[in-house]
Amino acid sequence: MSNSSSITEFLLLAFADTRQLQLLHFWLFLGIYLAALLGNGLIITTVACDHRLHTPMYFFLLNLSLLDLGSISTTVPKSMANSLWDSRAISYSGCAAQVFFFVFFITVEYCVLTIMAYDRYVAICKPLHYGTLLGSRACVHMAAAAWGSGFLYTLLHTANTFSLPLCKGNAVDQFFCEIPQILKLSCSDAYLREVGLLVLSVCLAFGCFVFILFSYVQIFRSVLRIPSEQGRHKAFSTCLSHLAVVSLFISTGMFAYLKPPSLTSPVLDLVVAVLYSVVPPAVNPLLYSMRNQELKDALWKMRNGCFSEAINCLFSFAEHS
């Protein structure tokens, strides 16, 4: 029997036992991670550099890309390193840091997605009040509230989880440290405090979900009343990408944490964890850029500008040499 004071490291769930499969996992995760870095990095750079994209919608999209980079960087590099070096270990402090940052980024991302639904609701249903309700100061305040409340919420959860005595070993049934898996190692009834906090979290998350759902019901009602087909198409194109991201985020998260116990198995839990923690950060940039002509034009302009600058640098270097 062990307790939390004697645990110096945790053992994460391995993706594979054979060396070939471990290397396959490493290269697969490396590809996904690089795709997430490239996609989100391009969005951040484009929104920051193109003054035409300095609007509330793209300001929150920039925040979303930062959060996606943070969340995937919290889990994937450590999993890749373990597969590459044939290890399962993560230090106690490393596990606590992983729990903190993953919960923090996921919590703030959900808040930002909720704010983005409000942004689309005001833009389409109350366009005359858009500048008043979503001015630059209001946007900064909403973003700061999302990041600040996410930090306090995460600090409470992490401190509560790692204050529990752990006596059921140090093997975590997941490829990264997450609160439900740490709670399974607890031997004290004190874990009920954390369960109570998780239930409260589910209630708050459900409230945000209802708000998003209500916003989109109102949005679709307003869009269907637009007389021109071109106007309807433009309104839908700005909303469908956000709706796709929200649907992916909520559906994978709900299945991961609210699935019936009869469906629980280590393999299924592993697959679902990949779906909600690894796939969205890599896919979100694609979902946002596919139907957004304004963003695609800005990306293309930045690409052409960089290419032209590189050509000029080459000619300049050739002339001086």
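Gln98 lies in helix α3 of this predicted model, and with a relative accessibility of 5% it counts as buried, since the cut-off for that class is under 20%. Once residues up to four places away in sequence are set aside, Gln98 touches Thr74, Thr75, Lys78, Ile90, Phe176 and Cys177. The helix that carries Gln98 has 34 residues and reaches 49 Å from its first C-alpha to its last, which is close to the 50 Å expected at 1.5 Å a residue. Because 24 of its 34 residues are buried, α3 is largely enclosed by the rest of the structure.

Helix α3 also holds a pair of aromatic rings. A search of the whole structure finds 19 aromatic pairs, and one of them joins Phe100 and Phe104, whose rings are stacked, with 6.2 Å from centre to centre and 10 degrees between the planes. The two residues are four apart in helix α3 (residues 92-125), so about one helical turn separates Phe100 from Phe104. An α-helix has 3.6 residues a turn, so residues three or four places apart point the same way. Both members of the pair are buried, Phe100 as well as Phe104. Elsewhere, ring pairs link Phe15, Phe29, Phe102, Phe175, Phe176 and Tyr276 into a cluster; Phe176, a member of that cluster, is also among the residues that Gln98 touches.

The largest nonpolar core has 41 residues, and within it Phe60, Leu61, Leu113 and Met116 touch the most other members. Two or more residues of this core come from each of α1, α2, α3, α5, α7 (191-224), α8 (229-258), α10 (279-290) and α11 (293-320), and the largest share, 12 residues, is given by α3. Met116 shows what such a position looks like in detail: leaving aside its neighbours within four places in sequence, Met116 is in contact with Met57, Phe60, Leu61, Leu64, His242 and Tyr288.

Another of the elements that supply this core is α5. Helix α5 (residues 136-161) has 26 residues and spans 37 Å between its first and last C-alpha atoms, close to the 38 Å expected at 1.5 Å a residue. Its buried residues are Cys139, Ala143, Ala146, Gly150, Thr154, His157, Thr158, Asn160 and Thr161.

Asp50 is found in the loop between α1 (19-49) and α2 (56-84), where it is buried, with a relative accessible area of 8%. The side chain of Asp50 reaches the backbone nitrogen of Arg52 at 3.0 Å, and, not counting residues up to four places away in sequence, Asp50 touches Ala298 and Lys301. The C-alpha atoms of Asp50 and Leu299 are separated by 9.2 Å, although the two residues are 249 residues apart along the chain. Asp86, by comparison, has its place in the loop between α2 and β2 (89-91), and at 53% relative accessibility it counts as exposed, the cut-off for that class being over 50%. The backbone of Asp86 has a positive phi of about 55 degrees although the residue is not a glycine.

These local views can be set against the protein as a whole. Its secondary structure comes to 11 helices and two strands, and, read along the sequence, they follow the pattern β-α-α-β-α-α-α-α-α-α-α-α-α. Of the 321 residues, 41% count as buried, while the accessible surface comes to about 16700 Å², of which 70% belongs to carbon and sulfur atoms. Among contacts with a separation of 6 or more, residues 24 or more positions apart account for 76%.

Conventions
Residues are numbered from 1 along each chain as its sequence is written. This is a predicted model: local features need pLDDT of at least 70, side-chain atom pairs count only at pLDDT 80 or more; totals for chains, interfaces and linings use all residues. Side-chain values use heavy atoms; hydrogens and water are left out. Rings of Phe, Tyr and Trp (its six-membered ring) pair if their centres lie within 6.5 Å; planes under 30 degrees apart count as stacked, over 60 as edge-to-face and the rest as tilted. Buried means under 20% relative accessible area, exposed over 50%, partly exposed in between (1.4 Å probe, protein chains only). The expected span of a helix is 1.5 Å times one less than its number of residues. A polar contact is a pair of N or O atoms within 3.5 Å; within protein, one must be able to donate a hydrogen and the other to accept it, and residues adjacent in sequence count only if both atoms are side-chain atoms. Contact means heavy atoms within 4.5 Å. Accessible areas come from the Shrake-Rupley method with a 1.4 Å probe; for residues, only the protein chains shown count as cover. A nonpolar core is a set of buried Ala, Val, Leu, Ile, Met, Phe, Trp, Tyr and Cys residues joined through side-chain atoms within 4.5 Å.
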